[in-house]
Amino acid sequence: KLGSLRLQDNLLTGDLVDSKSSLSRLSTDTLVELQLEDNGFQGRMGSFFLENLLRRNLTILDLSDNEFSGKVSLEVFESESLMVLDLHGNKLTNFITVIPPNNVLQFLALHENIIKKELPGELHNLSALTHLDLS
């Protein structure tokens, strides 16, 4: 079964989170690493696809340098397995208002977005975080 999917730098486009897309129908039960950086994917964060993906065993999610929009989803912070989240270089505009306790996420990159709201004060709830890039 598929454990790692790396499709970076392939000029792929489209709405990744559309229910009709091939990736949205991908079986994610065994997927632990998904790297789709540097393509032209678009769609709103917090979609059913991402929510479903993050409820599995995913440890690395890299969607950087695409065209995702919307807000950083609460589900990424509720994941019990996600250790690396790279969303830099997108068109994300908002951040969730409250960050729940999370002792798994170690790497969070949100730079090069257009986040308009202040980050919540609960960043300290990310107790395992060793890398945070908001530049």
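Reader: Which residue stands opposite G70 in β8?

Author: That's L92. Keep in mind that we're looking at a predicted model.

Reader: What makes β6 and β8 count as paired strands?

Author: Two strands pair if there are at least two bridges between them. β6 and β8 (residues 91-94) have 3 bridges, in the parallel sense, so they pass that cut-off.

Reader: Why are β1 and β10 called edge strands?

Author: Look at the open sheet of 6 strands, which goes β1-β3-β5-β7-β9-β10 with parallel pairing. β1 (4-6) and β10 (131-133) each pair on one side only, which means they are its edges. From one strand to the next, the twist averages 5 degrees.

Reader: What joins β7 to β9?

Author: 3 bridges join β7 (residues 84-86) to β9 (residues 107-109), and the two run parallel. Here L85 stands opposite L108 in β9.

Reader: Which residues touch the most other members of the largest nonpolar core?

Author: L61, L63, V72, F77, L82, L85 and L87 do, out of 26 residues.

Reader: What does L87 touch?

Author: Leaving out residues up to four places away in sequence, L87 touches M45, L63, S64, V72, L92, A109, L110 and N113. A contact needs heavy atoms within 4.5 Å, so each of these meets that cut-off.

Methods:
Residues are numbered from 1 along each chain as its sequence is written. This is a predicted model: local features need pLDDT of at least 70, side-chain atom pairs count only at pLDDT 80 or more; totals for chains, interfaces and linings use all residues. Side-chain values use heavy atoms; hydrogens and water are left out. A nonpolar core is a set of buried Ala, Val, Leu, Ile, Met, Phe, Trp, Tyr and Cys residues joined through side-chain atoms within 4.5 Å. Buried means under 20% relative accessible area, exposed over 50%, partly exposed in between (1.4 Å probe, protein chains only). Helices (H or I, at least four residues) and strands (E, at least two) are DSSP runs, numbered from the N terminus. Axes are lines fitted to C-alpha atoms, for helices over the stretch in contact, and angles run from 0 to 180 degrees between N-to-C directions.
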